Amino acid sequence: MRPFFLLFFSLFFLNSLSAQQAIEKNEEPNIRRLLDLRKELNFEENREIKAWGIQLMVSRDKYNLLEKQTRFNRKEEKKANWTYKQPYYRLNWGAYYTKLEAYMQLQKVKEDFPGAFVYKNNQAKASEF
């Protein structure tokens, strides 16, 4: 009885190995063009994406904000950018797909910017990721 099972399983195993080696990849050229077009659209430079960001500081003093931005950008690989919404200048940093990623990065900057917080960024660019 045992030799029968061993023979059966070994034949089954060898058959499955030969079946895996015989797989061919036949791809329609139109499908490949559609996938390439989708990739181009998703990674377009000006496309806006809903993401999470970190607001480092808010100030009415533009020169103070620019000074802190310069010091921060020397230390970090990702650069911080400022925006102006009357009457405040805001220093924002990064774009993250998940809130958890943003909170992990927030811990790195809390020492220099104790008032920093995570916010929902609806105008993030694909190039910021």
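Helices (H or I, at least four residues) and strands (E, at least two) are DSSP runs, numbered from the N terminus. The structure shown here is a predicted model, in which local features need pLDDT of at least 70 and side-chain atom pairs count only at pLDDT 80 or more, while totals for chains, interfaces and linings use all residues. Residues are numbered from 1 along each chain as its sequence is written, and side-chain values use heavy atoms, with hydrogens and water left out.

Lys-50 counts as exposed because its relative accessibility is 62%, where exposed means over 50% relative accessible area, buried under 20%, and partly exposed in between (1.4 Å probe, protein chains only). Although Lys-50 and Asn-122 stand 72 residues apart along the chain, their C-alpha atoms are separated by 4.4 Å. If residues up to four places away in sequence are not counted, Lys-50 touches Lys-120, Asn-121 and Asn-122, a contact being heavy atoms within 4.5 Å.

Tyr-97 sits in the loop between β3 (88–96) and α4 (99–109), and with a relative accessible area of 54% this residue is exposed. The C-alpha atoms of Tyr-97 and Gly-53 are 9.1 Å apart in space, and the two residues are 44 apart in sequence.

Val-109, leaving aside its neighbours within four places in sequence, is in contact with Ile-54, Leu-56, Phe-72, Trp-93 and Ala-116.

Aromatic rings deserve a separate look. Rings of Phe, Tyr and Trp (its six-membered ring) pair if their centres lie within 6.5 Å, and planes under 30 degrees apart count as stacked, over 60 as edge-to-face and the rest as tilted. By this rule there are four aromatic pairs. Among them, Phe-72 and Trp-93 form an edge-to-face pair, with 5.2 Å from centre to centre and 85° between the planes. This pair links distant parts of the chain, since Phe-72 is in helix α3 and Trp-93 in strand β3, 21 residues apart. Phe-72 is buried, with a relative accessible area of 3%, and Trp-93 is buried at 2%. Together with Phe-113, Phe-72 and Trp-93 form one aromatic cluster.
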